[in-house]
Amino acid sequence: MKHIITTFFAAAAFAASSFASAEIITTDPVTYTADSLAAATFKLDRTYTENVFVDFKISYDGTLIDNSYAGLYFGTKHTGPSFGLKANCGNGKCANDVYGRTHGEAGAFVPNSNLAEDTVYHVIGYMQKVDNSKYYNQFDLWLFKDVQSSFDLSSLGTAHASFTTKGANKLEDFNEIGLRTFKIDGRSVTLDDVRINAVPEPGSLALLGLAFAGLATARRRKKS
């Protein structure tokens with residue numbers, strides 16, 4: 001019994017910290033040079049309903065103009081949750097290039113995300129259902145020059161940007177991720193190592209923990 005309980009807590013800690021069940025979406029760099037509402041469509045191995053991390057590496061060649069865009073979107077509609085490149089805040093009012101949003105065309109931009117040409121960046125997005133919502137309604141973002149080979153919520157720290165909405169987005173689950181490109185004619189954007197990680201539900205781990213605690217109690221009573 002002691003061995004079983006120890007194994008459970010080790011497995012739970014590993015799942016919570018490492019998100020070991022990553023689904024690898026792409027393994028080789030792909031370069032995009034044309035505008036398209038569906039420059040790529042990635043079919044996933046299953047339907048996701050839980051909170052998820054999605055991350056990728058991105059670089060570009062050429063000179064970005066206002067609203068040069070390469071954004072991953074979830075499900076079949078590019079107007080839903082999405083994140084990625086949206087140059088110069090989309091309207092030229094600032095120099096930030098990395099955004100995340102849960103719907104529409106607005107969003108939150110990572111501060112100081114003026115991307116340099118021919119430089120690889122690691123973009124990490126955390127799409128969540130908060131405040132008991134049945135729909136995805138919050139998107140957190142992190143941007144790194146150094147690729148994070150493994151990460152979790154504690155190691156990432158406070159999100160570099162966050163966008164929350166209520167009621168406007170109706171995405172409850174998804175089994176594909178698309179890529180939209182815009183205003184990249186005459187320049188190129190490369191994506192690599194796109195991955196998705198489902199975040200373990202705290203409630204599920206807690207229930208499993210209670211089950212093992214019950215077994216341990218029964219074991220002690222039997223011994224006594």
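## From values to words

A disulfide joins Cys89 to Cys94, with 1.5 Å from S to S. The model is a predicted one.

Q: Why is the link of Cys89 and Cys94 called a disulfide?
A: The two sulfur atoms of Cys89 and Cys94 are 1.5 Å apart, and a pair of cysteine sulfur atoms counts as a disulfide if they lie within 2.5 Å, so the name applies to Cys89 and Cys94. The structure holds 1 disulfide, and with 45 degrees about the S-S bond the link of Cys89 and Cys94 is right-handed.

Q: What makes Cys89 buried, and what makes Cys94 partly exposed?
A: Cys89 has a relative accessible area of 16%, and because buried means under 20%, Cys89 is called buried. Cys94 has a relative accessible area of 25%, a value that falls between the limits of 20% and 50%, and therefore Cys94 is called partly exposed.

Q: Why is the aromatic pair of Phe74 and Phe139 called tilted?
A: A search of the whole structure finds 12 aromatic pairs. In the pair of Phe74 and Phe139 the rings are 6.1 Å apart from centre to centre, with 55 degrees between the planes.

Q: How do you know that the pair of Phe74 and Phe139 ties together parts that are apart in sequence?
A: Phe74 lies in strand E5 (residues 69-74) and Phe139 lies in strand E10 (residues 138-144), so the pair ties together parts that are 65 residues apart in sequence.

Q: Why is the pair of Phe74 and Phe174 called edge-to-face?
A: The ring centres of Phe74 and Phe174 are 5.2 Å apart and the planes are at 75 degrees; since planes over 60 degrees apart count as edge-to-face, that is the word for this pair. The pair of Phe74 in strand E5 and Phe174 in strand E12 (residues 174-182) links distant parts of the chain, 100 residues apart. Phe174 is buried as well, with a relative accessible area of 2%.

Q: Which residues do ring pairs link into a cluster?
A: The cluster consists of Tyr48, Phe56, Phe74, Phe83, Tyr136, Phe139 and Phe174, linked by ring pairs. One of these residues, Tyr136, has Lys129 lying over the face of its ring, at 4.8 Å from the ring centre.

Q: What makes Ala108 buried, and which residues is Ala108 in contact with?
A: Ala108, which lies in strand E8 (residues 108-109), has a relative accessible area of 13%, and because buried means under 20%, Ala108 is called buried. Leaving aside neighbours within four places in sequence, Ala108 is in contact with residues including Val98, Tyr99, Leu141 and Phe163. Ala108 and Leu141 are 33 residues apart in sequence and 8.8 Å apart in space, C-alpha to C-alpha.

Technical notes
Residues numbered from 1 in each chain as written. Predicted model: local features only at pLDDT ≥ 70, side-chain atom pairs only at ≥ 80, totals over all residues. Heavy atoms only, no water. Phe/Tyr/Trp six-rings, centres within 6.5 Å; stacked < 30°, edge-to-face > 60°. Helix = DSSP H or I, 4+ residues; strand = E, 2+ residues; numbered from the N terminus. Buried < 20%, exposed > 50% of the residue type's maximum accessible area, 1.4 Å probe, protein only. Lys NZ or Arg CZ within 6 Å of the ring centre and 35° of its normal. Contact = heavy atoms within 4.5 Å.
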